[in-house]
Structure formats: structure tokens, C-alpha cells
Amino acid sequence: MDDRINWGNLTSNIEFLDQTGLLKTPLHILEIGCGRCQLMLKLKADGHEVVAIDADQEVVDAAPAGLDVRLAEGSELPFDDGSFDLVLSFDVIEHIPDTDAHLNEVRRVLKPGGHYLLQTPNKWTNIPFEMVRWSTTYGVRRMFDFLKPPQHCALHSYRQLKRRMRDNDFSIQFYDIPVVNEYFTEKVRKYLGSPGVAALKVVNPDKLPIPMRTNFYVKVQPAK
């Protein structure tokens, strides 16, 4: 199998970071939910000072040597006020039950003029897919378990995400980032079979209007 399939959304996440134009100079960055630390390694290689947290002790223990990865929750960030130029999270905010507490913490640790860059699934496209995935993997009786913490318990639609940010006094900008790559296609094939892959060719999610995309890529900033 082509190793690119194992990259997940990494290539799309990097394209998003490039489109924002925020990483042209070295920054102090916090990544919330670092996974296998692939993005963290790239950012560090590019000259940025990067710290990460993850709620999974196994992820923290498996972090490559030389990386600063700490065990913490997204709604309780163990850092001083105004510590970071940039906060990142990819496929994370939907796992945090108290989204408002999370956003308050992000605001607290950002320096004046700092930004929060995030990616999260669209509620209305993610729910039917997760219903199929969970019923296939765990049985029909557990079809809706993905809505329980720490799974996708805080999904947002386009309108809900805009309202959430504005209610927390963040400005918000959506980005047009393609996500239909080999990883995406293989995930569809695994849970929806050949009909699902065929459907991608008929209705490519990357061609849909932003509110209907499978993933939202968003730049937010505390309102001045």
C-alpha cells in the first residue's frame, strides 16, 4: 500500500497552513492533539518552536525523542497566558465536550494578535458516515456511540461553527482545502465499499460549497 494512504489529512493540513500565510517567520506554536507527531516534526524542521499536548498517555509516551509533548486536555491548557503565536488543532475540537471552555483556554494562551487554526468534520456529513463505520465495526446497537465522549461529541455544522466562534468573540474565516486524497478514498472504500468510491466520482466533496464540505478548515482570531 502506498505510504501516502497512511498520511491521513496531513497533506491537506499542510496546504491549509500554507494558504494562511502565517508561518513565513518562526513562531511559537501549540498543537492540540498531536497524534503521531508528523506535523509537529515538519514544523520543527521548518524552524518553529513547537509544543504539543495530547489526552492519550500512549501518544505522549510514543512521541519521538526531542519533541515536547505533554499529557493534557484541550479544555485545560497547562501554559501561561499569552504563551503562543499560533494554536493548531486538526480533528480535535469535535472530541472536546465543552467547546466554550476550550475556546476560552485557546484565547488565554494566545499572544495578542495570535491565531487559532483548526480543522473539524462537518456535522451533517460526518454523522451518517460514522453511523455506518460504528455499526460495521461494533454492531448496529452501538451505531450512535460515536456521539459519546471522547468520540465525536462536539460536532458542528457550518452555521453552528460560525455561531460558536462569534459567541466566543472570535472572528472566523473558512478556507477551501481539498481532502479527497488516497487516504480519504481508502477510508470510504473500507466502510462503504465500491459503491461509496463510485459515489465520490459522481459527487466529489471538494467541489461542493464550503457549508457542505466534509471538513471545515478555519482560521479564527480573538476579536480586538
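Predicted model: local features only at pLDDT ≥ 70, side-chain atom pairs only at ≥ 80, totals over all residues.

Trainee: Is His28 buried or exposed?

Mentor: His28 lies in strand S1, residues 28-32. Buried means under 20% relative accessible area. The relative accessible area of His28 is 19%, so His28 is buried.

Trainee: Which residues is His28 in contact with, leaving aside neighbours within four places in sequence?

Mentor: Contact means heavy atoms within 4.5 Å. With those neighbours left aside, the contacts of His28 are Glu49, Val51, Ser83, Phe84, Asp85 and Leu86.

Trainee: How far apart in space are Leu67 and Glu49, C-alpha to C-alpha?

Mentor: Leu67 sits in the loop between helix H3 (57-61) and strand S3 (68-71). In sequence, Leu67 and Glu49 are 18 residues apart. Their C-alpha to C-alpha distance is 10.0 Å.

Trainee: Is Leu67 buried or exposed, and which residues does Leu67 touch beyond four places in sequence?

Mentor: The relative accessibility of Leu67 is 15%, so Leu67 counts as buried. Not counting residues up to four places away in sequence, Leu67 touches Cys37, Met40, Leu41 and Lys44.

Trainee: How far apart are the end C-alpha atoms of helix H5?

Mentor: Helix H5 covers residues 123-138, which is 16 residues. The expected span is 1.5 Å times one less than the number of residues, so H5 should span 22 Å. In agreement with this, the end C-alpha atoms are apart by 21 Å.

Trainee: What do the buried residues of H5 pack against?

Mentor: The buried residues of H5 are Lys123, Asn126, Ile127, Phe129, Glu130, Trp134 and Ser135. An α-helix has 3.6 residues a turn, so residues three or four places apart point the same way. The buried residues of H5 pack against strand S5 (110-121), helix H6 (158-167) and helix H7 (182-202).

Trainee: Which residue follows H5, and what is its phi?

Mentor: At the start of H5, a side-chain oxygen of Asn122 comes to within 3.1 Å of the backbone nitrogen of Trp124. After H5 comes Gly139, with a positive phi near 105°.

Trainee: Which elements give two or more residues to the largest nonpolar core?

Mentor: The largest nonpolar core has 31 residues, and Leu43 is one of those with the most contacts inside it. The elements that give two or more residues to this core are helix H1 (10-20), helix H2 (38-45), strand S2 (49-54), H3, strand S4 (84-90) and H7.

Trainee: How many residues does the second, separate core have?

Mentor: This core includes Leu30, Val87, Val92 and Phe216. The number of residues in the second core is 26.

How values were computed: Residues numbered from 1 in each chain as written. Heavy atoms only, no water. Helix = DSSP H or I, 4+ residues; strand = E, 2+ residues; numbered from the N terminus. Buried < 20%, exposed > 50% of the residue type's maximum accessible area, 1.4 Å probe, protein only. Polar contact = N/O pair within 3.5 Å; in protein donor to acceptor, adjacent residues only side chain to side chain. Core = buried A, V, L, I, M, F, W, Y, C linked by side-chain atoms within 4.5 Å.
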